[in-house]
Amino acid sequence: MINKKIYWSALRFILPLSIIGLVFVYLTYNKPHKDFIKSRSEFTINSKDLILFYHNDTDNANARYLDKILLVTGVITDIGGNIIILDNGIVCTLDPSQIINKKINLGSEVSIKGRCIGYDDLLDEIRVDHSFIMKNPQL
């Protein structure tokens, strides 16, 4: 008799918590990804200014720009695969949906929107991923 009461009391407590936990895990696991092309840029900056800011004070620059959407304008110094390098210091990894067209050449100025993922002091470069080449840089 006592074992039955303990069993049902425990079941009334554990079953709702288990259901809530499973729902939380399911919703967290199936959360939609952030759409970077539709996101507004939080900062608009010239590539040389961003490079200078990171060289002078990396910690302050990381606090300001890390995991933020940036709109960076600069001169293309290298193109390879799905990577564009601006002013020999900002490595922009393009989103898989982006295709580099033939109008984009070395030495041309472009505006690229993407998420800043930090500064690599070993290679002395700023990394930007989920990048999009902007046709209208005022976005």
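How are α2 and α3 oriented to each other, oblique or parallel? They are oblique to each other, a class left for angles that are not under 35 degrees (roughly parallel), over 145 (roughly antiparallel) or 65 to 115 (roughly perpendicular). The model is predicted, with local features requiring pLDDT of at least 70 and side-chain atom pairs pLDDT 80 or more, while totals for chains, interfaces and linings use all residues. Residues are numbered from 1 along each chain as its sequence is written, and side-chain values use heavy atoms, without hydrogens and water.

**View 1. Packing of helix α2 against helix α3.**

**View 2. The loop residue Arg 40.** Arg 40 lies between α1 (2-29) and β1 (43-46). Its relative accessibility is 67%, so Arg 40 counts as exposed (over 50%; buried is under 20%, partly exposed in between; 1.4 Å probe, protein chains only). From its C-alpha atom to that of Leu 122, 82 residues away along the chain, the separation is 30 Å.

**View 3. Cys 92 and Cys 116, each in no disulfide.** The count of disulfides (cysteine sulfur atoms within 2.5 Å) is 0. For Cys 92, the nearest cysteine sulfur is that of Cys 116, 9.7 Å away. Cys 92 is buried at 1% relative accessibility, and Cys 116 is buried at 0%.

How values were computed:
Axes fitted to C-alpha atoms, helices over the stretch in contact; angles between N-to-C directions. Helix = DSSP H or I, 4+ residues; strand = E, 2+ residues; numbered from the N terminus.
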